[in-house]
Amino acid sequence: MTRIAIALEYDGKAFLGWQSQPHGQSVQDVLEHALMRLGGKPIRAHAAGRTDAGVHASKQIAHFDVDVNRPITAWVRGVNSFLPDGLAVLWAREVPETFHARFSAMARHYRYILLNHSVRPGIQAGKIGWHHTPLNVENMQAAANHLLGEHDFSSFRAADCQAKSPIKVMHQFDLQRVGDLIICDTSASGYLHHMVRNIMGTLVHIGKGAQPPEYMKQLIAVRNRTIAPPTFMPDGLYFTGVTYPDSFDLDTLPTFRHGLI
């Protein structure tokens with residue numbers, strides 16, 4: 001049995017999230033179908049992070065086990081020949097059995113791209129988030145700084161989240177304005193269901209002046225999702241990479257092949 005790690009990029013608009021669905025059309029469903037066509041039997045794929053419907057990936061990491069002899073290039077070009085538009089394998093690499101896309105991960109990375117303009121996006125609709133009133137990025141960054149470190153993130157946890165613990169370590173949450181765009185890069189030991197989108201909802205709430213930056217600290221302390229601002233749209237959210245131990249020697253850190261993503 002051989003374990004193969006792959007990197008994927010996908011347009012979240014075309015799929016119902018990563019995790020397999022009863023009627024198919026998730027990233028996992030479509031990928032496993034392509035793997036089966038190449039491998040000749042059902043092959044189960046495991047991802048580093050379960051992205052939601054509408055959430056994109058510029059470098060999602062997954063692994064699967066096979067007992068057929070194929071050149072490593074076949075798990076890129078061969079699989080891609082069976083995949084629909086909007087989903088592609090970037091690279092494939094044989095890894096030891098000790099590697100697990102999810103459980104070997106030390107940190108996961110996301111980027112949120114937010115258009116801050118009075119007019120909604122046209123060409124980029126579905127690829128970037130949008131808020132129409134001016135946002136104060138300095139206040140948003142001051143609020144995001146309260147997220148750093150180890151916290152109970154229950155105030156940003158979806159009701160149907162299946163994580164065993166709401167306690168995560170936030171390594172980074174940086175914001176920068178690039179013209180009319182606000183680019184948010186975050187890295188953490190792990191994320192709860194809807195956690196980044198819920199945090200973005202709070203940051204936008206603070207950025208438009210509805211609350212001061214210290215409001216973020218208060219929400220963390222109360223550990224109550226029901227009093228926090230609404231979940232923000234998935235459109236601008238990208239899974240951008242994973243940190244693994246150096247011993248695996250994998251190209252999994254964030255890189256942006258297409259400009260900002």
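This is a predicted model: local features need pLDDT of at least 70, side-chain atom pairs count only at pLDDT 80 or more; totals for chains, interfaces and linings use all residues.
**Exercise 1. The largest pocket**

Task: Work out how much space lies in the largest pocket, and which residues are closest to its centre.

Solution: 
- Step 1. Begin with the volume: the largest pocket holds about 1,200 Å³ of space.
- Step 2. Turn to the lining, which is made of 42 residues; Gln19, Gly49, Arg50, Arg102 and Tyr191 are the closest to the centre.
- Step 3. Sort the lining by class, and you get 18 nonpolar, 15 polar and 9 charged residues.
- Step 4. Look for the elements that each supply at least two lining residues: strand E2 (46–47), strand E5 (107–116), strand E8 (167–178) and helix H4 (195–207). H4 gives the largest share, with 3 residues.

**Exercise 2. The second largest pocket**

Task: Find which residues line the second largest pocket, and which element gives the largest share.

Solution: 
- Step 1. The space in the second largest pocket comes to about 170 Å³.
- Step 2. The largest share, 3 residues, belongs to E3.
- Step 3. Sorted by class, the lining of the second largest pocket has 4 nonpolar, 4 polar and 3 charged residues.

**Exercise 3. A serine in a loop**

Task: Decide whether Ser155 is buried or exposed, and find which backbone nitrogens lie by its side chain.

Solution: 
- Step 1. Locate Ser155 in the loop between strand E7 (149–152) and E8.
- Step 2. Ser155 has 0% relative accessibility, so it counts as buried; the cut-off for that word is under 20%.
- Step 3. Now check the side chain. One of its polar atoms lies 2.8 Å from the backbone nitrogen of Asn224, and the backbone nitrogen of Arg223 lies 3.2 Å from a polar atom of the Ser155 side chain.
- Step 4. Leaving aside neighbours within four places in sequence, Ser155 is in contact with Leu219, Ile220, Val222, Arg223, Asn224, Arg225 and Ala228.

**Exercise 4. A methionine in a helix**

Task: Find where Met195 sits and which residues Met195 touches.

Solution: 
- Step 1. Met195 belongs to helix H4.
- Step 2. Its relative accessibility is 1%, so Met195 counts as buried.
- Step 3. Compare sequence with space: Met195 and Ala158 are 37 residues apart in sequence, while their C-alpha atoms are 7.3 Å apart.
- Step 4. Not counting residues up to four places away in sequence, Met195 touches Phe153, Phe156, Met170 and Gly190.

**Exercise 5. A charged residue in a strand**

Task: Show which side chain forms a polar contact with the side chain of Asp185.

Solution: 
- Step 1. Find Asp185 in strand E9 (residues 181–188).
- Step 2. Asp185 is buried because its relative accessible area is 15%.
- Step 3. The partner is Arg111: a polar contact of 2.7 Å joins the two side chains.
- Step 4. Leaving aside neighbours within four places in sequence, the contacts of Asp185 are Tyr110, Arg111, Gln172, Phe173, Asp174 and Phe256.

**Exercise 6. Cysteines**

Task: State how many disulfides the structure holds, and whether Cys161 is buried or exposed.

Solution: 
- Step 1. The count of disulfides is 0.
- Step 2. Cys161 has a relative accessible area of 14%, so it is buried.
- Step 3. Cys184 also counts as buried, because its relative accessibility is 2%.

Conventions
Residues are numbered from 1 along each chain as its sequence is written. Side-chain values use heavy atoms; hydrogens and water are left out. On a 1 Å grid over the protein atoms alone, a cavity is a set of points where a 1.4 Å probe fits but cannot get out, and a pocket is an open set with protein on both sides within 12 Å along at least five of seven lines; lining residues have an atom within 4 Å of a point. Grid points are joined across faces, edges and corners, and a volume is the space filled by probe spheres set on the points. Helices (H or I, at least four residues) and strands (E, at least two) are DSSP runs, numbered from the N terminus. Ala, Val, Leu, Ile, Met, Phe, Trp, Tyr, Cys and Pro count as nonpolar, Asp, Glu, Lys and Arg as charged, and the others, Gly among them, as polar. Buried means under 20% relative accessible area, exposed over 50%, partly exposed in between (1.4 Å probe, protein chains only). A polar contact is a pair of N or O atoms within 3.5 Å; within protein, one must be able to donate a hydrogen and the other to accept it, and residues adjacent in sequence count only if both atoms are side-chain atoms. Contact means heavy atoms within 4.5 Å. A disulfide is a pair of cysteine sulfur atoms within 2.5 Å.
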